[in-house]
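This report covers backbone geometry in selected loops and the surroundings of the ligand.

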Amino acid sequence: MLVTRRLLGGRHDRTLTAAVGCGPCPGSRPVRRKSLVWLRRAVGLCLVPFPVSLPDCLDAAPWQLRAITDADWPIEQALSSDPEVIRWTMYPPYMDGERSRERIGRARQRAEERISQRYVISQGAGCGVGTAGIAIGEFDLPEVFYALLPQGRGRGAATVAAVVLSDWALSLGLAPVLLFTMIGNTTSEAVAARAGFTCAGRNVLDHRGQPSAMRRWTRTQTN
Ligand SMILES: CC(C)(COP(=O)(O)OP(=O)(O)OC[C@H]1O[C@@H](n2cnc3c(N)ncnc32)[C@H](O)[C@@H]1OP(=O)(O)O)[C@@H](O)C(=O)NCCC(=O)NCCS
């Protein structure tokens, strides 16, 4: 496990980047490539889980992150209908209540398997303004992600969520922590930079069935 987690910093980096995809060869048509996580699931290979259970709550003052529950399906549904979320994230678009609850059910299952945890971001007893999470991602490294509803934007919630989630993984010695942004998502790039991530290169990953150029960001130590 530790060996695979060092891959990005070592000589295997180039090999892996090539496997995930570095863009089309000149003159060739873009080739659709699936992520390594997708490929491993498809052939029945297990992901390496986090070494401990993922926390149910994280303090991200002035915000709190709490593990998503069945009751949170309205925020899941609202996010899936937001144009920016549809454009820049993996959220399935326009989920109804049933599909939102199913998606949360899968998230709860993966939390039990210690593969990922998704959280609702809120302040006190207030309504959730978005979701964030951490998962075992590409190359068996932890990866953070986030999405906010319009009313949650411009308030620092995504930045602090990215900080506390990556701090948690780094505190376990899991480094680097990854974050992927689609090329053009400048607001998310700003979140990554504010949260202490640095741009470490590009990957072409699958996004809704199409190859999509992504910036790969890494964070290796707490501030
Ligand atoms: C990407 C996304 C989460 C960024 O949201 P955001 O509100 O810009 O990010 P933050 O929550 O970190 O807030 C930062 C903003 O709040 C301001 N802010 C206020 N208080 C702050 C604080 N305590 N800390 C940091 N920023 C603060 C910042 O100045 C910044 O505003 P600015 O962009 O006008 O400079 C949001 O646009 C979104 O959900 N987009 C659609 C989904 C998406 O792209 N997800 C990411 C996929 S990789």
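R208 counts as exposed because 11 C-beta neighbours lie inside 10 Å. The classes rest on other C-beta atoms, placed from the backbone, within 10 Å of a residue's own: 20 or more make it buried, 12 or fewer exposed, and anything in between partly exposed. R208 sits in the loop between β7 (198–207) and β8 (210–219), and has a positive phi of about 55 degrees although it is not a glycine. The model is predicted: local features need pLDDT of at least 70, side-chain atom pairs count only at pLDDT 80 or more, and totals for chains, interfaces and linings use all residues. Residues are numbered from 1 along each chain as its sequence is written.

R114 also has a positive phi, near 65 degrees, and is a residue other than glycine. The loop between α6 (97–112) and β3 (116–122) holds R114. R114 counts as partly exposed because it has 16 C-beta neighbours inside 10 Å. Helices (H or I, at least four residues) and strands (E, at least two) are DSSP runs, numbered from the N terminus.

| Bond | Omega |
|---|---|
| A61 to P62 | about 5 degrees |
| A175 to P176 | near -5 degrees |

P62 is in the loop between β1 (57–60) and β2 (63–67), and P176 in the loop between α7 and β6 (177–182).

The ligand is surrounded by 21 residues, the closest being W88, R153, G156, A158 and T159; a residue is near a molecule if its C-beta atom, placed from the backbone, lies within 6 Å of it. Elements giving two or more residues to this shell are α5 (83–88), β5 (142–148), α7 (157–171) and α8 (186–194). The most come from α8, with 5 residues.
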